[in-house]
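User: Got a model open here and want to go through a few features. Can you start with the terms?

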Amino acid sequence: MHDSGTGNPPAPSRRAALTTGAGLTAALALGPGTGHAAVSSDAGLRALISRMTMEEKVGQLFVTRVYGHSATDPDQGDIDANLSEIGVRTAAELIAKYRVGGIIYFTWAHNTRTPHQIADLSNGIQKASLAGPRGLPVLIATDQEHGAVTRVGRPATLFPGAMAIGAGGSRADAFTLGRISGAELRALGIRQDYSPDADVNVDPANPVIGVRSFGADPDAVAALVAAEALGYRSSGVAATAKHFPGHGDTAVDSHFGFPVITHSRELWERLDAVPFRAAVRAGIDAIMTAHIMVPALDGSGDPATLSHPIVTGILREELGYDGVVVTDSLAMAGVRQKYGDERVPVLALKAGVDQLLNPPSLDVAWNAVLAAVRGGELTGARLDESLLRVLRLKAALGLFEQPFVSDADVDRTVGTPAHLRAADRIADRTTTLLVNEGRLLPLSRRAHPRLLVVGADPESPSGTDGPPTTVLANALTGLGFTANSLPTGTEPTAAVIEHAVAAAGAADAVVVGTYNLSATSSQLTLVRGLLDTGRPVIAIALRNPYDVARLQGVRACLASCSWTDTELRAAARVIAGRVRPRGRLPVPVQRADEPAQVLYPVGYGLSY
């Protein structure tokens, strides 16, 4: 399948060759040194590698952040941040100094303000790199998982997150998400997405994965991972399955600590490995490693990112994967606790990794790899092996032929009405109804015309959505109710709770959005206060569906598994009866008082 109107053909396979130079765009002429653009085989890529300096080779294996909305003229604050963290002023200077092969976009780095700005930034980065001696294009990436992790916001099309897609259970929807998201990213000059998440989330307390996973059933996760990856490929964007060998069963966030996964080898094979095997079979373009210790796979105590037995022995040799392996961010604590920052990138390459993502100090990491090659710890052949994989991927994505994007690409692709309608249709299949006592839902506009919407307003992942209470109130008003919003936060105070309870007296029913409830959460105090008013209470678990286990007494409870506008509007349509709830739990929900007992199993979901 191919997204109509994007002007971009489906990407060839990872190993596919480039066509001849006749397909070069006129824009390519902006950069000198591009005579190699007609490279048509591994032999041609190897010839290119043979002409590269060692500094260029090392740089090509790094993917790094850079601050600013422009490659040459960022805001002064971003210049200062770049000077402080990277020692350069701009993205163009970064490329000239380090010859980096990839750049990752972040919202907080001010890379993703508007679609045309993003496209201009991408073109500026490519122009700067193509002006170099070998004229190598840059592989621009981002984390556009949708849902909880989203870097490119509105007006781009935003989809429900992975666990919501898991609740929908449709491989066709996962493919469509990848196809449309991929088309829009490609139009912005972003050719690699660090998605889908292939972790099997079996720990309700997982602080880093959770709703970023498709669910707890490895076969269901595998099917959706493969479908989404194929969707991205159909639009010419490299998908990346993460976080190998599986980050779904940990209560420690590897951003801040060093998780240990205690699964036996046998359990790993039938749980964590299943989605990654499916990704490999689907021809996934890249796989990202995790900064976790898995003693059953490697008893050395090293994180998987630095483990030769895991990266080379299992991923390469046992799973038969020969594509690009990229580290998770090397600035995360999970990979920095055992070794110093100068050793981590060298050990990652020795383990079998190809791309080194976002080191805390690019200068330290870049020079460490260069010194390791010159000193003989890393061979030139080992470097060339990874470099060939990276260049193969760039070639397969058409970057040597068509590195630039146009305003027309943006206008006809990003956030089109057809794309937005597709996202809404998918969202309508994901809302999961878990409780509906007395058939309260669908809510009658005659019996309950006045609604109060209260609850948490978690920050928008992309900075362009929300706030949830306002979105829900506006959506319900648009569906014929009179709905008012009253944000109460994730930790409502006694005064806030008192105000909300008083406001509920003037409503016919109350909708409350909960966010990651715990036994001591004051959100529960709010819910109990609302129940005491006698008004019907409808709860929406905005993030983790596990919230329902603590919501005794509410007459109706839905799980959206995502708090983007798209998903919240879909939940409102379910409440109003505009669409039927069709989601099914992709994870089991245990009893809050007896965690060994399952309250709602995988596959549970009500309808009307």
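Analyst: Buried means under 20% relative accessible area, exposed means over 50%, and partly exposed is in between, with a 1.4 Å probe and protein chains only. This is a predicted model, where local features need pLDDT of at least 70, side-chain atom pairs count only at pLDDT 80 or more, and totals for chains, interfaces and linings use all residues. Residues are numbered from 1 along each chain as its sequence is written, and side-chain values use heavy atoms, with hydrogens and water left out.

User: Is C561 buried or exposed?

Analyst: C561 counts as buried, because its relative accessibility is 3%. C557 is buried too, at 0%.

User: How many disulfides are there?

Analyst: Zero, by the rule that a disulfide is a pair of cysteine sulfur atoms within 2.5 Å. For C557, the nearest cysteine sulfur is that of C561, 10 Å away.

User: What is the average pLDDT?

Analyst: The protein averages 91, and 93% of the residues score at least 70. pLDDT is the predictor's confidence in each residue, from 0 to 100.

User: Where does pLDDT stay under 50?

Analyst: Over residues 1-38. The model still has 89 contacts beyond four places in sequence for that stretch, a contact being heavy atoms within 4.5 Å.

User: Switching to helices. At what angle do helix 12 and helix 13 pack?

Analyst: Helix 12 (residues 344-351) and helix 13 (residues 362-374) pack at about 55°, with axes 8 Å apart. That makes helix 12 oblique to helix 13. Angles under 35 degrees count as roughly parallel, over 145 as roughly antiparallel, 65 to 115 as roughly perpendicular, and the rest as oblique. Axes are lines fitted to C-alpha atoms, for helices over the stretch in contact, and angles run from 0 to 180 degrees between N-to-C directions. Helices (H or I, at least four residues) and strands (E, at least two) are DSSP runs, numbered from the N terminus.

User: Which residues meet there?

Analyst: P345, V346 and L349 of helix 12 meet A365, A368, V369 and A372 of helix 13.

User: And why is helix 10 largely enclosed?

Analyst: Helix 10 (residues 273-281) has seven of its nine residues buried, so the rest of the structure largely encloses it. F276 is among the buried ones. Their cover includes helix 8 (218-234), strand 5 (238-244), helix 9 (265-270) and strand 6 (286-289). Just after helix 10, G283 takes a positive phi of about 80°.

User: Last one: where is A172 found?

Analyst: In helix 7 (residues 171-187). A172 counts as exposed, because its relative accessibility is 51%.
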